[in-house]
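Please keep the sequence and the coordinates in view while reading.

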Amino acid sequence: FPHMMDPLRGLEAIAITEKDNIALADVLRRQADAEIDDQERMAILLRLAKLQELEFRRPELAAKTLERIVARAAKYDFLFDDLERCYRAARQWPELVAVLERAAISDEDAETRGARLKRLSEVLESKMGDIRAALGTYQRLAGLMPEDVTVVTELARLAEKVGDVTQAVNCRERLAELVTDPVQRARHNQIAGQLLTPTDAKAARRFFERAVQADPTNAAAWNALLWDARTENDQPRAARYLEEKAKATETPRARATAYVELAELRSRMGDAGAALHAYMLAIAADPNNEAAANALLEPLIAEHRYEEAEPLCPVVIAAAERDRDGYRVYTARRAQTQIGFFLVKPDLALEAALAAFKARPEEDDARRDLVLAAAGMKADPAVLKARESLMQIAERPDGLEPEVRVQLAETLASMGEGERAASLYDEVLTEAPDHERALAGLSQHHAASGNKVASLALKRQRAMA
C-alpha cells in the first residue's frame, strides 16, 4: 500500500524516533505522492524542502521540492523568499532570475517589489553579465521610485556602462535636480558634460557651466570649460573662465597658478595692464610663485615700486640657481642691487652687487654697481668682504666713468690700499686734470706718504681749479 497514508505515518514516526533524517526524507517524498488533499501535500513538501536545505545542505533539491508546490498551488507568494534563498545558495542564476521576475510581478507592496527588482538587477549584472537586462530592470524600478537617488544613480551607471549616452545624461540631469549637496549636484552636471563632450560640445558646455555654478571649486569642470574655449580659440571666454576659476579656488598655490594662466592669456591678447594685474593677484595668493615673480620683477622696478619688488628677488634667484640659469641669476642680483640703493639698504645692495659681479665679472654694469655699493659702506667693516673683487676691478678700471673710478679709489684707500688708490687717481687726472675729488684724494695720499711738496702742489691745483 505505497500510497496509503497510515502506514507512511507509521514509518514517519519511526524515522523521527530514530532521528534518521534520510529515512524521514524518503517517507516524506512518498507521502507527497500519496492520495491526499493539496493542503496536506503542501505541508509535507514544505517539511521536506526544509529538511533538504537545512539538514542535507542541498539547496538545489529544496528548490525542486518548492517548485512542486508552485506547480500545484493557486497562490504561492509566500514561497518566493524561500526559492530565492535556495537558488542563490545553489548558484542557479537563471532559475533565480525567473523567481525574482515572478516575485516582482506578484509583490503588491512597492517597497518589497523595489527591493526585489534591485536584487534581480544585481544578479543579471554581476552573475549573468547581462548589463542591458539589468538596465531594463532599473528602468522599471525608476518608474516605481522616480525620486529615489540610489535608484536613479544606478540607472545612470548602467546606462553609461552600455553606452546609452542619452539616458545616462537624462539620469545625471535628474540627479542634479534631486540632490541637495552642491558638490554632488556639480559632480552630476560634470559627468553629464563629459558624456556629451564627444558628440555635442555646446550642450556639454551648458552642463559644465551648471557644475561650476553649483560648486565653483570643481576643477574638472573648469578644465573642461577652458579646453572648450581654447579649442574654439575664444580667448575672451577663456579669460573669463580663468578669472572665475581663480577667484573660486581655495588653495593659495592653485589660485596663483590660475592667475598666472590668466596673466599669460591677457598678455597674448595684448592687454599688458590686465596681465600685470593678474600677476599681482598671483603673487598676493602665493608669494613664492616663480612665474609671477619672474614676470613682475622688472616691471615693478621700472615703475619704481621697489618695496613690492624686494620680496620677489629671492624667489627669482632661487629658481634661476636651481635651473642653472646664470644670466637670470645675474639680472635678478642686479635688480636686487638697485632695490638696495633706492630703499637705502646698503647691506642688501653690497651683497647683491657682489653676487652679480661674481656671476659676470666682465660686465661693466656689475662692476659699477659693486663700486657704488662698496662706496656706500666704506666705513663699515662688512665692506672688506668685497676687497678682493674691488682690487680685481681696480686692475682693469676701463669702462668705468671717472667719478666711479674715484669712488673706487676712495674705498680702496679706506682699506689701506693707498698705492692702488693713487694709481686710480692719477688715471682719472690724466683724463680730467681738474677733477676735484681726484685731486683731493691724491693730495691726501701724498701727505700720508710724507711727500709734502706733491701734496701742496695738488692742493694749489685744486684751489685754482
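The lining of the largest pocket comprises 5 nonpolar, 4 polar and 3 charged residues; here Ala, Val, Leu, Ile, Met, Phe, Trp, Tyr, Cys and Pro count as nonpolar, Asp, Glu, Lys and Arg as charged, and the others, Gly among them, as polar. The model is predicted: local features need pLDDT of at least 70 and side-chain atom pairs count only at pLDDT 80 or more, whereas totals for chains, interfaces and linings use all residues. Residues are numbered from 1 along each chain as its sequence is written, and side-chain values use heavy atoms, with hydrogens and water left out.

A pocket is an open set of points on a 1 Å grid over the protein atoms alone, with protein on both sides within 12 Å along at least five of seven lines, while in a cavity a 1.4 Å probe fits but cannot get out; lining residues have an atom within 4 Å of a point. The space in the largest pocket is about 160 Å³, a volume being the space filled by probe spheres set on grid points joined across faces, edges and corners. Of the 12 lining residues, Glu 410, Ala 413, Tyr 425, Gly 441 and Gln 444 lie nearest the centre of the pocket. At least two lining residues come from each of helix 24 (402-414), helix 25 (418-431) and helix 26 (436-449), and helix 26 gives the most, with 5 residues. Helices are DSSP runs (H or I, at least four residues) numbered from the N terminus.

Attention now turns to helix packing. Two packed helices are described by the angle between their axes and the distance between the axes. Axes are lines fitted to C-alpha atoms over the stretch in contact, and angles run from 0 to 180 degrees between N-to-C directions.

The axes of helix 6 (residues 93-106) and helix 7 (residues 110-127) cross at roughly 155 degrees and come within 9 Å. Helix 6 is therefore roughly antiparallel to helix 7, a term for angles over 145 degrees. Their crossing is left-handed, meaning that the near helix is turned anticlockwise from the far one by less than a right angle. By class, this contact has 10 nonpolar, no polar and 5 charged residues.

Helix 9 (residues 149-162) and helix 10 (residues 165-178) pack at about 155 degrees, with their axes 8 Å apart. Helix 9 is thus roughly antiparallel to helix 10, and the crossing is left-handed. The residues of this contact divide into 9 nonpolar, 2 polar and 3 charged.

Helix 21 (residues 346-359) meets helix 23 (residues 387-395) at an angle of about 55 degrees, the axes lying 11 Å apart. Helix 21 is therefore oblique to helix 23, and their crossing is left-handed. Leu 354, Phe 357 and Lys 358 of helix 21 contact (heavy atoms within 4.5 Å) Ser 389, Gln 392 and Ile 393 of helix 23.

How values were computed
Angles under 35 degrees count as roughly parallel, over 145 as roughly antiparallel, 65 to 115 as roughly perpendicular and the rest as oblique.
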